[in-house]
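The structure is shown first, and the description follows.

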Amino acid sequence: MNKKRKLRSADWFNDPNHPDHTAIYIERYLNYGLTREELQSGKPIIGIAQTGSDLTPCNRHHRELAQRVREGIRDAGGIPLEFPVHPIAEMGKRPTAALDRNLAYLGLVEILYGYPLDGVVLTTGCDKTTPATLMAAAAVDIPAIVLSGGPMLNGWETKNNEEQRVGSGTIIWRSREDYARGDIDYEQFMQNVTRSAPSVGHCNTMGTALTMNCLAEGLGMSLPGCAAIPAPYKERPAMAYYTGRRIVDMVWEDLKPSDIMTRAAFLNAVRLCSAIGGSTNAPPHLQAIANRLGVELSIDDWQTFGEKIPLLVNCQPAGEYLGEDFYRAGGVPAVMGELLRAELIDGSCRSVNGRTIGENYARQLPRNTQVIRSFDDPLRENAGFAVMRGNLFDSAIMKKSVIGDDFRKNYLSNPEHPNVLRGRAIVFEGPEDYHRRIDDPALEIDEHCILVIRNCGPVGYPGSAEVVNMRPPNYLIKRGVSCLPCIGDGRQSGTSASPSILNASPEAAVGGGLALLETNDIVEIDLNKNQVHVLVEDGELQRRRARWQPPRLVNQTPWQEIYRNTVTQLADGSDMDLKEAHLHIVECHGTP
Ligand code: FES
Ligand code: MG
């Protein structure tokens with residue numbers, strides 16, 4: 001560790017060649033009590049990228065955790081400077097939280113690049129806060145460490161005199177069916193939902209938030225064991241303290257995101273995602289982070305490296321348990337241990353603690369095999385994402401770990417064509433159209449239909465809406481059909497147990513194949529070949545294409561216009577397609 005190294009922050013606070021500039025910077029940072037001695041001491045200045053606020057309830061407790069981070073930084077000989085990140089609340093931001101991931105990324109890049117910071121603690125939690133902050137740290141490539149906020153405690157309800165787990169989001173998808181059937185009223189619906197949120201923290205299911213925090217740890221970007229500690233546990237502020245301590249040494253070691261997040265590390269994360277039954281939002285997020293580092297990664301890697309991995313973690317929505325159980329059973333370390341023993345993880349990858357992934361996790365075992373299964377006794381085989389292709393899109397994904405027994409029996413068990421299903425397409429032009437017409441008897445939706453939703457991709461919505469897991473019409477739910485096959489160019493919540501075919505790229509709004517589909521077309525889904533086709537002649541598809549008019553897109557805010565003009569498709573990370581200054585901004589260009 002070279003503690004004599006000249007640090008980046010010295011360009012601001014200690015540049016003898018530009019005493020006037022140094023004076024200007026120093027003078028203003030003293031006005032709340034920092035001393036010149038501290039700022040010119042050569043100690044690492046560590047940013048705390050604060051994602052918590054009243055608008056981002058899932059991360060709000062990071063405001064208290066930051067105190068322990070500060071204490072860790074000080075004890076290790078650094079100086080903390082805390083600053084806000086643009087809020088992203090999954091369940092609060094209209095039209096979509098996804099719209100703001102790239103905005104928060106851009107904002108954080110400007111901060112990390114333009115201020116006197118030698119390293120940064122990324123406070124993560126709610127879905128997009130993890131990828132947005134990792135994208136920025138990767139782009140600027142200064143030492144960075146993830147501090148997850150952790151999931152809420154388990155939610156509970158009493159049903160038939162028995163305590164049952166109630167998981168975030170998942171309870172909404174389940175209760176809306178009960179509500180549609182008339183089994184519960186509005187009041188009961190609201191009560192069910194609030195039971196899933198008993199404490200501070202992010203979603204307690206294996207939704208996008210817990211998935212992305214697990215993958216951040218699997219990538220090597222947080223201290224081992226960080227991802228799953230429930231937000232209210234005492235281990236959480238302790239982890240905040242150790243994270244603060246560690247980033248200071250990372251600065252002296254010059255251990256940067258590009259040293260940790262290599263292609264091998266991303267492939268580790270892809271495999272981990274399958275084993276935990278992770279969210280379908282993970283592929284675009286990991287892609288966007290990899291793009292910032294120039295690391296090669298593609299949607300095909302999910303098929304090649306992820307699809308055959310078994311499901312080890314028994315958490316909702318793919319299983320029964322919740323984040324608190326997952327933590328107590330061993331969390332990410334236990335899953336990484338299982339995958340390392342099966343030789344599916346590259347143990348030579350580095351992590352933020354300076355050790356390798358193999359050194360960190362090789363001896364970790366599940367403490368409760370109901371919740372984290374051993375590799376030899378998984379919950380489900382081949383549980384990763386299938387990457388689907390055909391004449392409706394270049395790629396779309398399907399989460400195989402949530403294909404339940406009912407779905408298999410109803411749709412995939414034709415003895416002549418096992419794993420092949422054909423259905424009549426019912427096409428909706430976005431969520432508003434879906435809600436207006438789904439219960440309309442004139443559509444004659446029955447159990448042989450496939451629900452399709454389009455114009456919900458990054459450009460169409462904008463941001464890409466989590467709407468593909470469409471409930472069937474109420475009259476079908478009352479007859480016991482609670483799930484129909486769904487296809488769409490939007491996304492779905494990571495808390496959903498629907499085996500939809502989603503993230504279709506390119507999306508309909510930019511002329512992807514889904515734009516040509518018509519209600520009553522027959523669509524074939526073949527899970528043996530991972531293909532989806534509309535059974536319509538090529539000539540007819542060409543005639544439809546000649547007639548096709550792009551939808552009229554209205555930008556309600558300036559950012560929506562910038563976003564739509566720059567965003568790439570979900571298969572490419574719904575990333576920003578910029579010409580330059582987007583990758584690996586290493587050097588600070590000094591004083592103006
Ligand atoms: Fe924020 Fe789920 S809504 S983590
Ligand atoms: Mg979500």
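## Basis of the description

Helices (H or I, at least four residues) and strands (E, at least two) are DSSP runs, numbered from the N terminus. The model is predicted: local features need pLDDT of at least 70, side-chain atom pairs count only at pLDDT 80 or more, and totals for chains, interfaces and linings use all residues. Residues are numbered from 1 along each chain as its sequence is written, while chains are lettered from A and ligands numbered from 1 in the order in which they are written.

## Overall fold

The chain contains 22 helices and 14 strands. Its C-alpha atoms occupy a box of roughly 75 × 55 × 50 Å along the principal axes.

Of the 592 residues, 55% count as buried. A residue is buried if 20 or more other C-beta atoms lie within 10 Å of its own, exposed if 12 or fewer, and partly exposed in between, with C-beta atoms placed from the backbone. Two residues are in contact if their C-beta atoms, placed in that way, lie within 7 Å. Among contacts in the chain with a separation of 6 or more, 78% involve residues 24 or more positions apart.

## Domains and annotations

The domain assignment, which is automatic or from a database, gives domain 1 (156–196) and domain 2 (385–547). Their centres, taken over C-alpha atoms, are separated by 27 Å. Nine residues from domain 1 and ten residues from domain 2 take part in the contact. On the domain 1 side, these residues comprise two nonpolar, four polar and three charged. Here Ala, Val, Leu, Ile, Met, Phe, Trp, Tyr, Cys and Pro count as nonpolar, Asp, Glu, Lys and Arg as charged, and the others, Gly among them, as polar.

An unreviewed UniProt entry annotates residues 43–360 as "domain: Dihydroxy-acid/6-phosphogluconate dehydratase N-terminal". That span is 49% helix and 10% strand, and its end C-alpha atoms lie 28 Å apart. The corresponding annotation "domain: Dihydroxy-acid/6-phosphogluconate dehydratase C-terminal", also from an unreviewed entry, covers residues 370–573. Residues 370–573 are 19% helix and 22% strand, with end C-alpha atoms 34 Å apart. UniProt positions follow the numbering used here, feature names are shortened, and annotations may be inferred rather than shown by experiment.

## An enclosed helix

Helix α9 (residues 208–219) has twelve residues and reaches 16 Å from its first C-alpha to its last, close to the expected 16 Å; the expected span is 1.5 Å times one less than the number of residues. Twelve of the twelve residues of α9 are buried, so the helix is largely enclosed by the rest of the structure. The buried residues include Asn213, Cys214 and Glu217. Just after α9, Gly220 takes a positive phi of about 100°.

## Backbone exceptions

Most residues other than glycine have a negative phi, and most peptide bonds are trans. The bond from Arg94 to Pro95 is cis, with omega near -5°, and Pro95 is found in the loop between β2 (79–84) and α5 (98–114). Tyr461 and Pro462 are likewise joined by a cis peptide bond, with omega about 5°; Pro462 is in the loop between β10 (449–453) and α20 (474–478).

Asn161, although not a glycine, has a positive phi of about 65°. Asn161 lies in the loop between β5 (155–159) and β6 (162–166) and counts as exposed, with 5 C-beta neighbours inside 10 Å. Asn455 also has a positive phi of about 65° without being a glycine. Asn455 is in the loop between β10 and α20 and is buried, with 24 other C-beta atoms within 10 Å.
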